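Reader: I've got a model open on my screen and I'd like to learn how to read it. Could you walk me through it, one feature at a time?

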Amino acid sequence: MSASSEARAHPPLGDAVYLLRRNPITLAGIALIALIALAGVAAPLIAPASPLATDPSAAFQPPSVRHLMGTDEFGEDIWSRVLWGARVDLTIAFGAVAIALVLGCALGAAAGFSGRWTDELVMRGMDVLQAFPSFILAMGIAAALGPSLRNLIISVALINVAVYARLMRTRLLVVKQALYATAARGAGNPPWRVLVVHLIPNCLTPIFVQSSLQSGYAILTAAGLSFIGLGVRVPTPEWGVMVAMGVARITIGAWWVSFFPGMCIGLAVMAFNLIGDGLSDLLDPQRR
Amino acid sequence: MLTVDDLRVTLRTRQGAVPALHGVTMTLAEGAVTGLVGESGCGKTLTALAIMRLLPAPGEISGGHVWLDGRDLLTLRDRAMDRVRGAEIAMIFQQPRASLNPVFPIAFQLIHVLRLHRGLSARAARAEGEALLARVGLPRPDAVMRAYPHHLSGGMCQRVMIALALACRSRVLVADEPTTALDVTVQLQIVELLRGLQRELGLTILLITHDLGLVAEICDHVNVMYAGRIVESAPVSRLFRRPAHPYTRGLMASRVRSGSRALPVGIPGRVPELAQMPTGCPFHPRCPLVGPECVERDAVPELVEDGHVVRCHRWRSGAA
Amino acid sequence: MLAVPVLLGVTLITFVLTRVLPGSPIDAIAGPMATPAQRQALLVQYGLNRPLWVQYVAYLGGLAHGDLGSSFVTSHPVASDLAAFFPATMELTTWAIIVAVLVGVPLGVWGAVRQGSWIDHLTRVLSVAGVGLPVFWVSLVLIYLCFYRWHLVPPPMGRLSPEITPPPSVTGFLVIDTALAGDWRAFSDAVRQLILPVAVLAFAAVAPLARMTRTSMLDVLGSAHTRATRALGLPPRSVVWTYAFRNAILPVLTMLAIVYGFLLGGSVLVETLFAWPGMGRYAFNAISGNDYPAVQGFILYATGVYLAIFVAVDVVSALLDPRIET
């Protein structure tokens, strides 16, 4: 009997290790993101060239030992730009998701915990946001704000707010009924403390799962927006814009300009999705 | 008729493979109602599902035999087992409404079963279906045929399930807690229905329940289950008059008896978790007769008298 | 979701977003040589000098009559411009959904029935790839391989090669219209032009559909009623395709609507790359040209189509699921 209570004391860690071992693909996802993040952080150290260094005489070189991923129309080394691009894209992903999370959870908490009118107002607002196809709404916001990195992050963040708001509100409403909330209030705690200390930590678990998936979609949306010119602009090394730079050259055979940055987008998004799937398996024990 | 021989089932859990059934042995006499009684979590439903080879994913049959007419069902290939289910053994379940497919009307499944198992034409199957529904006591069978499960009450759904089982014309019926989810008044009706059908058709029934009153009502022979083992097996009158196993005695004493002023006495302690089985006999932490051998090794089935078997080291010392 | 407040909110956000577009359309219309007086006259002519809320009310009034305003660039009514470009997008996304369903749903069912088989693993890899690889990148890869290297498809220059005359328009779907007109040369050209963009969109759509089907099927296959069906001895194929499948497709229908939303967004990217004369390309040009009414019109139109799909899915779900009382 005592052995079991010890096991109970550390369930999340034990379960996490167990499930990670049984899900090597999720582990791969985490490893991949860590690798990309590391590449981004270490970019100034390991990139052979500056991402903005142009060399017109070396334009459109195919991949070689000197230029691992070839060069683009300005002679910039694509491998270096891809590394620096990791910084930009991961910043967009984490930044947009963080903003959406904070804003969404605040709105959701306000809706879930306050009176009916606030709840109705906030939820109708979320309905309106979600009535638009998300990429098209992002296009509208990005176009309205103008092309820049900051505005890109804002556009991507805004289209994700509704998901977090709903999630937070639902969990909060469910947990609000819970006995321990009543018990805590019985002990003379003011509602604010009850909310922060008891209820919010319990709502955070599905939010982590969502965040991982949203990070992937954030990169896709940001790359798509940059691709059509509504995000960051040339010459910023962002993977979406880099793909755009190679579009016209496909027909003359310079495939590497678009291929490598696009591949990186795909890898990053896939890795985030694998992590998100693995996390949801962790939290929902019936799905193995 | 149907003999379960040393059936063992394990569950794959986070802590590894955990045994859930430890050598279940019992016999269903032909044309009789055999009860399988025990508390929640003792493994009754697992036994039934294992016999039907419908164990859900974490469960695995790890040993033993299920003999039906000289064949071991556990060795059959999937296709062969599909032909056994329904045609030779039918099963009805605890949650009747959840056991009916919600997007089809009753007629659809009933006609399908009748056409499959009895080779009837569509029109004949429809007529026979209505006749079956009438036989299980449903008023307005034509309306029920057109209805969907969510239109029907729990009791009506259970009658439909019984009708589906009858449609298969099997000789064996496994009834897994058929009345547990129903209202008390409806329970009595379903019990009466089952008893009537059993007598009329000579069905061999395995009745799984935790309700001793139900057992007393309609069972001929009873198996008592605890922690994945059959701990006592006896004809029903014998079990109620002279129970041998301390667990059975405890169950008897914990019933509310009408006309008696004695208060029910609960069994101290709780049913152990699968992963934390006590050593030796699993009942020993709660047993009034416990002795040193009970902690060391599990008991083996012993004969008390004809037809009465008990699995306990010290049943003699408790015999009143 | 279709409540009046939501619809009003949609029009309000659309209006606000387009009014916030940087740059003034007057620059584009008037050209660099216009005098201040001429610019002022244009402002008045287009009603852009009125207070914002007045413009919004006027806009709503116009909407009520189906008037989406006139494009600043083409001077046509936006509604008729969009109607002209809509069939191209519709044909693209419809074929993509059909292909995605025909491929994705069986894969999902198979993956659920035979978990851990090679098909299951293949489906999971495809799903992860379809969701992760960006649509515009997949388009480029396919264009490079299939057109440039292997010459399998015609140059990506739109719905029909330049030398083919389009058939009389009946449905707006070139594949159908060319067949109806008996013009088999145009038919095969239209089909060949469709192959790549449909493949790209279908690839992106297969992923969530296959996953949803698989999850839903697994759920249903583990349910009490499936167990009861099996206990009655019904053959496995019936259990899966007749009984389980009918239950499992209900959530997949809702996923179809969501996938359609992705495709509407994705069509903006794909149409640009394949020179496809649809709404997506229209939108892109409108944004570049600061064409307010066109941008507004596009956002509203696309959102309207999206909401209409949801309504359609709701109706079909109610028909298929007897538990929903209509």
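Reader: Let's begin with sheets: what is the strand order in the open sheet of four strands in chain B, and is the pairing parallel or antiparallel?

Author: Strands of a sheet pair through backbone hydrogen bonds, either parallel or antiparallel. Here, two strands count as paired if DSSP finds at least two bridges between them. Strands (E, at least two residues) and helices (H or I, at least four) are DSSP runs, numbered from the N terminus. In chain B the order is β2-β1-β4-β5, with antiparallel pairing. β2 (16-28) and β5 (71-72) of chain B are at the edges with a single partner strand each, so one side of each has no neighbour in the sheet.

Reader: Before we go on, what are the ground rules for numbering and confidence?

Author: Residues count from 1 along each chain as its sequence is written, while chains are lettered from A and ligands numbered from 1 in the order in which they are written. The model is predicted, so to speak of local features we need pLDDT of at least 70, and side-chain atom pairs count only at pLDDT 80 or more, whereas totals for chains, interfaces and linings use all residues.

Reader: Which strand does β1 of chain B pair with over eight bridges?

Author: That's β4 (residues 59-68) of chain B, which pairs with β1 (residues 2-13) in the antiparallel sense.

Reader: Is β7 of chain B largely enclosed or open?

Author: Burial is a neighbour count: a residue is buried if 20 or more other C-beta atoms (placed from the backbone) lie within 10 Å of its own, exposed if 12 or fewer, and partly exposed in between. In β7(B), residues 172-176, four of the five residues are buried, so the rest of the structure largely encloses the strand.

Reader: Which strands pair with β7(B)?

Author: β6(B) pairs with β7(B) in the parallel sense over four bridges, with Ile92(B) opposite Ala175(B). β8(B), residues 204-209, also runs parallel to β7(B), joined by five bridges. One of the partner pairs there is Val174(B) with Leu206(B).

Reader: What handedness does the β-α-β unit with β7(B) have?

Author: Point the strands away from you; if the path from the first strand over the helix to the second runs clockwise, the crossover is right-handed. β7(B), α7(B) (residues 184-201) and β8(B) make a right-handed unit.

Reader: How confident is the prediction for chain B?

Author: pLDDT is the predictor's confidence in each residue, from 0 to 100. Chain B has a mean of 87, and 97% of its residues reach 70 or more.

Reader: How many residues of chain B touch chain C?

Author: Two residues are in contact if their C-beta atoms, placed from the backbone, lie within 7 Å. Chain B gives 26 residues and chain C gives 19. On the chain B side, α3(B) gives the most, with four residues. That side divides into 16 nonpolar, seven polar and three charged residues; nonpolar means Ala, Val, Leu, Ile, Met, Phe, Trp, Tyr, Cys and Pro, charged means Asp, Glu, Lys and Arg, and the others, Gly among them, are polar.

Reader: And how many residues of chain C are in contact with chain A?

Author: There, 39 residues of chain C meet 36 residues of chain A. The chain C side has 32 nonpolar, seven polar and no charged residues.
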